[in-house]
Amino acid sequence: MPIVQLHHARKVYDAKVAVEDLSFAIEPGTMFGLLGPNGSGKTSSIRMMIGITMPDSGSVSLFGQPFARKSLSRVGYLPEERGLYKKMNVFDQLVFLGRLHYLSASVAAARARSWCEKLKITEALPKKTEDLSKGMQQKIQFIATLLHDPELIIMDEPFSGLDPVNASLLMDTLLELRREGRTVLFSTHRMDQVERFCDNIALIHRGQLVLKGSMAAIKASYPRNRVHISFDGDDAFLRSPNIESLKRYNGHADIKLRPSAMLADDVQALLAAALRHARITRFEVSEPTLEEIFIEKVRESLPENNGLILHELQQAEGSYFGA
Amino acid sequence: MASFCTNCSKPKGVTSVPRIRAASLRNVLLIARREYRERIRTRGFLITTIMIPLIMSGFIFGSIFLGSRAPGDIHIAVVSSDPQLALDLQAELDRRQQQQEDSAAAAQESPTGASPAKKQARIIVEAMQPGPGTRTELKSNLESGDLDGYLWITPDAAPGGRPAIAFTPRSSGQAGIKNTLADALGQVLIREQLGHRGVAAADADSMLQPVTLATSHGLDHSAHESAEISVSVLFFVMYLVIMLYGMNVARSIIEEKTSRIFEVMLATIRPEAMMAGKIIGVGSVGLTQVGIWLAAVLLLSASSMGIHLGGDTLHVALTGSQVVYFLVYFILGFAFYSSIAAALGAMTNSEQELQQLNMFLLLPLLACFLMLGTLLTTPDSTLARVLALVPPFTPLLMYFRVSLGHPAGWEVVLSIVLTSASICVIVWATSRIYRVGVLMYGKRPSLPEILRWLKYS
């Protein structure tokens, strides 16, 4: 029985269609990625799941039953737009938010302390929220989301504005929670950050589903035609006819090989050519990244002559690859 | 499996009537408690608690002080070809001044004497002969402030006729002087006429003696007057606190919108619970503040220091029932106006936008305030009786009537029922607006959009 299920959900705000005919399910104990560029309808979908808004048509169910307020005590939600009471003391704030989720004051206090220890932020407890750095406020908000030990954890852009050390600290925490049997829903436009961790994904664009399924199956359905190579020396091997496109960086190249029945042989040939010309420090073969798959999928689904969307996509492509 | 019906805007899964259950009641109290604790600790609370009574008593003592201070002399020039007229006028003015001071002193000595007599300014008259340069001279004297006004008396062509008199004051705010002068001049002229007709000066004096009306009151006049003062002060306090804390409710909703905390909250509790908690929390802060003031006033007036400071005039004359009525109507008024304020807060995104809308809050309150004069003189007039039953005006007006007028029992009950019912309607509508409005950002909603929100649950 899925924890969350959207069934032909549709949401329209005034003139803008936020979500159109969206269906997917999140299985218990998995890490699910709801992915798509900014403004694609991720937050609107999440708001429908937790009853902040209602779908205009279609249905949303939570924990296998129609949405009910009491289910919310089993959900932890980290909104994209973070919000804490600025003037309130951090510890009081955590206890207050915990109590709203039906914890007793003493349990909430104990959990707030142990979470702060775990995330190395105990020094923030006696401070006022507005005196904390943005990253620290985000960690506090993260703790507030988890205080009542929710079964379903919804993270909307959890790593925006976090440094890599803290981002990986939070990621490790979430992975640990998943191992303990919690369900985690990730919503982000930074596909590269979560593709390694998600069991299942749904890719959406302009409110519509582009691709969904298990991460492993999606990756397996694409040829391993990407080569990432770091080298030192002559780059003549990059002019091979087997290369469809490439991006050059200083001492590094990301290569896309032409479709071929003998892709594995082409890869070996490329490596051999490279070894003849240069000193290779890294040579990696992989499937396309999630971003590349996403862009390809959106391009396929485009109606002809839709110049605007195409332009948008090219810009997106640039930023994805450039990142 | 389907939790919401398809193709219709009304979801089945969510009850549309806000139900007060134990769980949401608990959340309401949690929100209220947080709101209360955070507010009561702020410096702003401390400052308003101390400053508002200081400012108010400053006004009261200030006006008493100003009233008791002897004002400066008023110089009036009398331009007349007959110098005797100016002399007579001066004598008449002095006589009047003396009379007033005597009666004021008598009133102060008497046990029922209420307020200390206000000292009148002495009017000093200078006689002038009309000449070619007189007007310009007078004008420059007026401008320099040496003169407060002048009388230009042109004798009538026919002997024994009334002269034409023109008064030119320095500023238009001297209507009081004009009346005094006109009265005094009238007396002088009558005396002159009487003299012409052969009436002896002493006879004329006794004929012109003003009638003194001995007044006596059925009730203890001073007690009634100080009750009026106390109730008026409480009326003002109620007006001020409702306005202040109503705006606080609106402001704190906007603050939650800008700090985005409401999204976390909405993923946890009902918007209705959030709103109710906020109103109760902020309202309790207001009640606490009023409670502190009341306690302080009662303590002060009970102690000798209060009597020393304020004298008899400021002693608090409130009965227990007046305090109870105050609390009842304060709570009703606060609930009424703060739920409107909550709707205003939910509809707007910034203080500036709120300021454009807050007339909805301030106008009815101001209207009540403007009614104060009518209420003081005729608390049981038809106008007061009708308006006191109209919900936006009930809390302030009915409180006043119940304290100082004589409303029928059914009027009091009806006013409470009507206001409570309209509070229910407003809270219902507001919670709907709030529910949709808190998620809105960007442009301010139009009226049709707000009406649509009411249907959306």
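**A strand and its partners in chain A**

In which sense do strand S3 (residues 31-35) of chain A and S9(A) pair, and over how many bridges?

Before the solution, note that this is a predicted model, in which local features need pLDDT of at least 70 and side-chain atom pairs count only at pLDDT 80 or more, while totals for chains, interfaces and linings use all residues. Residues are numbered from 1 along each chain as its sequence is written, and chains are lettered from A and ligands numbered from 1 in the order in which they are written.

Solution. Strands (E, at least two residues) and helices (H or I, at least four) are DSSP runs numbered from the N terminus, and two strands pair if DSSP finds at least two bridges between them. S3(A) and S9(A) have 4 bridges and pair in the parallel sense; within this pair, Gly33(A) stands opposite Ile201(A). On to the next partner: S9(A) pairs in the antiparallel sense with strand S10 (residues 208-214) of chain A, over 6 bridges, and there Ile204(A) stands opposite Leu209(A). The hairpin of S9(A) and S10(A) has 2 residues between the strands, and in it Arg206(A) takes a positive phi near 50°.

Next task: state how many residues of strand S9 (residues 200-205) of chain A are buried, and which way they point.

Solution. A residue is buried if 20 or more other C-beta atoms, placed from the backbone, lie within 10 Å of its own, exposed if 12 or fewer do, and partly exposed in between. By this count 6 of the 6 residues of S9(A) are buried, so the strand is largely enclosed by the rest of the structure. In a regular strand the side chains alternate between the two faces of the sheet. Here Asn200(A), Ala202(A) and Ile204(A) point one way, whereas Ile201(A), Leu203(A) and His205(A) point the other way, and all are buried.

**Two helix pairs**

Describe how helix H16 (residues 394-404) and helix H17 (residues 409-437) of chain B cross.

Solution. Begin with the axes, which are lines fitted to C-alpha atoms, for helices over the stretch in contact, with angles from 0 to 180 degrees between N-to-C directions. The axes of H16(B) and H17(B) come within 11 Å and cross at roughly 165°. Angles under 35 degrees count as roughly parallel, over 145 as roughly antiparallel, 65 to 115 as roughly perpendicular and the rest as oblique, and H16(B) and H17(B) are therefore roughly antiparallel to each other. Their contact (C-beta atoms, placed from the backbone, within 7 Å) is made by Thr394(B), Pro395(B), Met398(B) and Val402(B) of H16(B) and by Val412(B), Ser415(B), Leu418(B) and Thr419(B) of H17(B). By class, this contact has 5 nonpolar, 3 polar and no charged residues, where Ala, Val, Leu, Ile, Met, Phe, Trp, Tyr, Cys and Pro count as nonpolar, Asp, Glu, Lys and Arg as charged, and the others, Gly among them, as polar.

Solution. The residues in contact include Phe91(A) and Leu94(A) of H2(A) and Ala105(A) and Ala108(A) of H3(A); by class, the contact has 7 nonpolar, 1 polar and 2 charged residues.

**The sheet of chain B**

Give the order of the strands in the sheet of chain B and name its edges.

Solution. In chain B, 4 strands form an open sheet in the order S2-S1-S3-S4, with mixed pairing. The edge strands are S2 (123-128) and S4 (164-169) of chain B, each of which pairs on one side only. The twist averages 20° from one strand to the next. As one of the pairs, strand S1 (residues 74-79) and strand S3 (residues 149-154) of chain B run in the parallel sense over 4 bridges, and Ala77(B) stands opposite Tyr150(B) in S3(B).

**Where the chains meet**

State how many residues each chain gives to the contact between chain B and chain A.

Solution. The contact takes 25 residues from chain B and 30 residues from chain A. On the side of chain B, helix H1 (22-40) and helix H8 (261-266) are the elements that give two or more residues, and the largest share, 5 residues, comes from H8(B). By class, this side of chain B has 12 nonpolar, 8 polar and 5 charged residues.

Key:
Two residues are in contact if their C-beta atoms, placed from the backbone, lie within 7 Å.
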